[in-house]
Amino acid sequence: MSPRPRSRSLLAGDQPLRGRARKPRDPAQPGLAFDAMPDRVEPCLALLKSKPPSDSGRYLSEIKFDGYRLAIHIEPRRVRVLTRGGHDWTERFPAIAAAAKDLGVATAILDGEAVVLDQDGRSDFGALQQSLGGRGGKRSSSEAQFFAFDLLYFDGHDVRGMELSSRRHLLESLLANVHENIRFSEEIEGSAQSAFDAACEHGLEGIIVKDRNSSYRSGRTGDWLKIKCIQSESFVVVGYEQSTSARGGTGSLLLAARKGHDLVYVGSVGTGFKERDAQQLRNLLDKLATKKPPIDYEGRSKNIVWAQPTIIAEIEYRAWTGDGKLRHASYKGLRDVQDNAAIYELDD
């Protein structure tokens, strides 16, 4: 077996990167790293905006991926792959975990997204779900790739206090040797507007725009923005409409969004799922069937099977109608509960 490559230094080049001072080692525990490695970091989330910001010098733009948000924890004796909600999915992404072991760094936390690319190089959420065996599936994905876009901890140092441009400089250096299963999320050159226009022209979901000088702050702080070419959000499935003519006997899914502590009906979706999807959905919803609607519903209830609101679907749509319903909705796939998907919230 060839020797493991030495980990890279925190200093990239002759000049040190800017950031907060390193903490001295605790003399009572000399074997520990400079900074204690976090067991988990709550992710930084992007704030949805209708258009790109105009101050192009302040921001960098990246492709918005359509997959599962993950954090890779490279530790001295193991690698862990954690979902956004903190669940350990290392066994579900063995190829990504194996690639992380080969990066040649003793300790690191990489923030990024697991995706499956289609034949045109676009991330395909449905294909990713299929590679994992669907919602609640037990398959391990060999097709998934991890696009890393941030570095939170590196070689014994917590680097979240550094500005984004320096963290990405370190990350790009760490990923200099290209690996099929872990790749660097490249910056799109030009202004945020030109990046957005290019993403829409190529049929991508949109872009993520980030403040170059920002530290890494958990939550939806506004340091990161998302601008979408195509709207796609997570909604709760509260039932389905039976149909003798539709594939799988499922005519459409009834959807709800959150409004405060309540669920509010936002329309239905009857396209985007194949016959196999429709049958699986019906089987899942029949097990959750309930006589009482989980929402206030004023429409025609004949042939509707109501379900407990525990299934979350990713839905693509074009706009909202004047009465608060989704327009031109299309089903993309189911979100796993462990993915901690954020259900769409309506304004109060």
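By class, the lining of the largest pocket comes out as 13 nonpolar, 14 polar and 17 charged residues (Ala, Val, Leu, Ile, Met, Phe, Trp, Tyr, Cys and Pro count as nonpolar, Asp, Glu, Lys and Arg as charged, and the others, Gly among them, as polar). The model is predicted, so to speak of local features takes a pLDDT of at least 70 and side-chain atom pairs count only at 80 or more, while totals for chains, interfaces and linings use all residues. Residues are numbered from 1 along each chain as its sequence is written, and side-chain values use heavy atoms, with hydrogens and water left out.

A pocket here is an open set of points on a 1 Å grid over the protein atoms alone, with protein on both sides within 12 Å along at least five of seven lines; a cavity is a set where a 1.4 Å probe fits but cannot get out, and lining residues have an atom within 4 Å of a point. Of the 44 residues around the largest pocket, Asp-66, Asp-124, Phe-125, Gly-126 and Lys-332 sit nearest its centre.

The second largest pocket is lined by 38 residues, and Lys-64, Arg-84, Arg-220, Lys-226 and Glu-233 are the closest to its centre. Its lining splits into 16 nonpolar, four polar and 18 charged residues.

As for the largest cavity, 13 residues line it, with Val-41, Pro-43, Leu-70, Ala-71 and Thr-83 nearest the centre. Seven of the lining residues are nonpolar, two polar and four charged. The top contributor is β3, with four residues (strands are DSSP runs of E, at least two residues, numbered from the N terminus).
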